[in-house]
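Reader: I am new to this structure. Please take me through one part of it closely, in short sentences.

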Amino acid sequence: MTITQEEAQDQSERQNLYAALIDKLFQCPSGGEPEVLDLHSDLLDEGLIKMMVQVATYYAHHDNQDAAKFLIHVARELSKQLGLYPNEVAS
């Protein structure tokens, strides 16, 4: 399956919006994350979660464990809210 140039541009723009939202999460006061996410509910999807994990991985490999842990925490909570994270792990 190939994507059109317009679809590629749309994906690129969405990636930029995800990156801007992640920056806003880092800049907001502690506890303000839900409000920031609520203001950008149109971006709350699996793509955002994947990008959060990618950015967290980058930070983890570049000696910024606090930033990595923060993003993983937000991604996990968002995944739960979106029904993408299992409530219980199968045994």
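Author: From the N terminus on, the elements run α-α-α-α. The chain has four helices and zero strands; these are DSSP runs, helices being H or I of at least four residues and strands E of at least two, numbered from the N terminus. This is a predicted model, where local features need pLDDT of at least 70, side-chain atom pairs count only at pLDDT 80 or more, and totals for chains, interfaces and linings use all residues. Residues are numbered from 1 along each chain as its sequence is written, and side-chain values use heavy atoms, with hydrogens and water left out.

Now to E33. Its place is in helix α2, residues 33–39. E33 is buried (under 20% relative accessible area, with a 1.4 Å probe and protein chains only). Of the 91 residues of the chain, 26% count as buried. E33 has no salt bridge (a side-chain nitrogen of Lys or Arg within 4 Å of a carboxyl oxygen of Asp or Glu). R76, the nearest side chain of opposite charge, is 14 Å away; Lys and Arg count as positive, Asp and Glu as negative, and His and the chain ends are not counted.

The side chain of E33 does reach the backbone nitrogen of G31, at 3.0 Å. Leaving aside neighbours within four places in sequence, E33 is in contact with L25, C28 and F70 (heavy atoms within 4.5 Å).

Terms used:
Buried means under 20% relative accessible area, exposed over 50%, partly exposed in between (1.4 Å probe, protein chains only). A polar contact is a pair of N or O atoms within 3.5 Å; within protein, one must be able to donate a hydrogen and the other to accept it, and residues adjacent in sequence count only if both atoms are side-chain atoms.
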